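Please look over the chain shown below before reading on. The briefing that follows takes up its packing, its charged pairs and a few local details.

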Amino acid sequence: QFALGTVSEDGWPWVVCVNLAYDEQLQFIWKSLANTQHSKHIQTDPRVSICVFSETEEIGDFGFYATAIAHEVSDETELIKLLAVRYKGKEVPPLTEFLGDSPTRIYCAKIQSAWVNDDRHLKTAVDLSLLPA
């Protein structure tokens, strides 16, 4: 899971945990209902923040943080590609579950800037130019 931060029309922050999936371009992909608070926020302001945090025996604390631009995926070609990532190793539901009158949607956040913090609490920028095009 990752924490997704959005902002309401009147400037109030909102954070929610959603299931984590990402592709080779470091686009974050999640499934959500279109009428949830964070989904409504994305409709009015697509700027989001992302945090993924974990702790392992090998490296201790590790956090990935990013700013991103999110959108509801309505293009069928993009939806097919992102569903394959979101449901990797599982049966992919039909497109109709995410389009039209269906309440469920797929969202994608494209990273604008990112950094990591490790157990030493050092903030290190992620060079996004190294990601595949």
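Which residues touch the most other members of the largest nonpolar core? Of the 19 residues in that core, they are Phe28, Trp30 and Ile50, where a nonpolar core is a set of buried Ala, Val, Leu, Ile, Met, Phe, Trp, Tyr and Cys residues joined through side-chain atoms within 4.5 Å. This is a predicted model, in which local features need pLDDT of at least 70 and side-chain atom pairs count only at pLDDT 80 or more, while totals for chains, interfaces and linings use all residues. Residues are numbered from 1 along each chain as its sequence is written, and side-chain values use heavy atoms, with hydrogens and water left out.

- Leaving aside neighbours within four places in sequence, phenylalanine 28 is in contact (heavy atoms within 4.5 Å) with Phe2, Leu20, Ala21, Tyr22, Ile50, Val52, Phe64, Tyr107, Cys108, Ala109 and Ile111.
- Another core, of 11 residues, lies apart from the largest one and includes Val73, Leu79, Leu83 and Phe98.

**Helix α1**

- In helix α1 (residues 37–44) the buried residues are His38, Ser39, His41 and Ile42, with buried meaning under 20% relative accessible area, exposed over 50%, and partly exposed in between (1.4 Å probe, protein chains only).
- Seen down the axis of α1, these buried residues fall within an arc of 160°, so they line one face of the helix; the arc is that of the directions from the helix axis to the C-beta atoms.
- The buried residues of α1 pack against β1 (2–7), β2 (13–18), β3 (27–33), β4 (47–56), β5 (60–72) and β6.

**Salt bridges**

- The count comes to three salt bridges, each defined as a side-chain nitrogen of Lys or Arg within 4 Å of a carboxyl oxygen of Asp or Glu.
- Lysine 81 pairs with aspartate 23, their closest N and O atoms being 3.7 Å apart, and this pair links distant parts of the chain, since lysine 81 is in helix α2 (residues 76–86) and aspartate 23 in the loop between β2 and β3, 58 residues apart.
- Lysine 81 is partly exposed at 39% relative accessibility, whereas aspartate 23 is buried at 5%.
- Glutamate 72 forms a salt bridge with arginine 105, with closest N and O atoms 3.0 Å apart, and the pair links strand β5 to strand β6 across 33 residues.
- Glutamate 72 is partly exposed, with a relative accessible area of 25%, while arginine 105 is buried at 11%.
- Aspartate 45 and arginine 47 meet through their side chains at 2.8 Å, N to O; aspartate 45 is buried at 15% relative accessible area, and arginine 47 is exposed at 55%.

**Local details**

- Leucine 26, in the loop between β2 and β3, has a positive phi of about 60° although it is not a glycine, and counts as buried at 15% relative accessibility.
- Most residues other than glycine have a negative phi.
- Asparagine 117 is found in strand β6 (residues 104–117), and leaving aside neighbours within four places in sequence, its contacts are Asp61, Phe62, Gly63, Tyr65, Leu122, Lys123 and Thr124.

Methods: Helix = DSSP H or I, 4+ residues; strand = E, 2+ residues; numbered from the N terminus.
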